[in-house]
Amino acid sequence: MLTTIATVLAGLIGAGIIVIGVRAFWAPQAAVGFGIPGTPTEDRSFQAWLTVKAVRDIASGLFVFILLAGATPELLGWFMLAAAGIPAGDALIVWRSNGPKAIVFGVHGATAVVMLAVSVLLLVA
């Protein structure tokens with residue numbers, strides 16, 4: 001049962017990051033929600049970098065679905081554990097940039113914690 005719950009949560013995380021990536025790919029200005037104050041989202045050069053991030057977000061979400069389709073729960077668990085470093089790093093970046101604490105902890109930090117919990121459930125269940 002715990003493996004099923006963790007697997008569904010992993011799928012939701014994968015779908016969520018794909019949605020975030022697609023949104024940022026088509027509208028780089030959406031990156032304002034990332035939490036770094038003063039982000040120059042209207043600058044065309046900066047938008048190109050935001051699009052690079054968007055493509056990586058989409059690929060990260062697709063990795064989850066590839067592992068859901070063809071791997072063991074344990075391998076998915078190891079991937080989710082490693083991938084939890086992404087939102088943890090994002091939280092540190094926003095915190096270091098004096099971004100809103102609500103985004104540091106409520107968005108990026110919470111995502112990292114959920115991903116860690118999912119990975120633990122997949123690895124021990």
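In helix 1, the buried residues are Ala6, Ala10, Gly11, Gly14, Ile18, Gly21 and Ala24; buried means under 20% relative accessible area with a 1.4 Å probe, protein chains only. Their cover includes helix 2 (44-70), helix 3 (73-83) and helix 5 (101-124), where contact means heavy atoms within 4.5 Å.

This is a predicted model, in which local features need pLDDT of at least 70, side-chain atom pairs count only at pLDDT 80 or more, and totals for chains, interfaces and linings use all residues. Residues are numbered from 1 along each chain as its sequence is written, and side-chain values use heavy atoms, with hydrogens and water left out.

Helix 1 itself covers residues 2-26 and reaches 36 Å from its first C-alpha to its last. That is close to the 36 Å expected at 1.5 Å a residue, taken as 1.5 Å times one less than the number of residues.

Stepping back, the protein has 5 helices and 0 strands, in the order α-α-α-α-α. Helices (H or I, at least four residues) and strands (E, at least two) are DSSP runs, numbered from the N terminus.

| Share | Value |
|---|---|
| Buried residues among the 125 residues | 31% |
| Contacts between residues 24 or more positions apart, among those with a separation of 6 or more | 71% |

Finally, the C-alpha trace spans about 45 × 25 × 15 Å along its principal axes.

Definitions and conventions: Buried means under 20% relative accessible area, exposed over 50%, partly exposed in between (1.4 Å probe, protein chains only).
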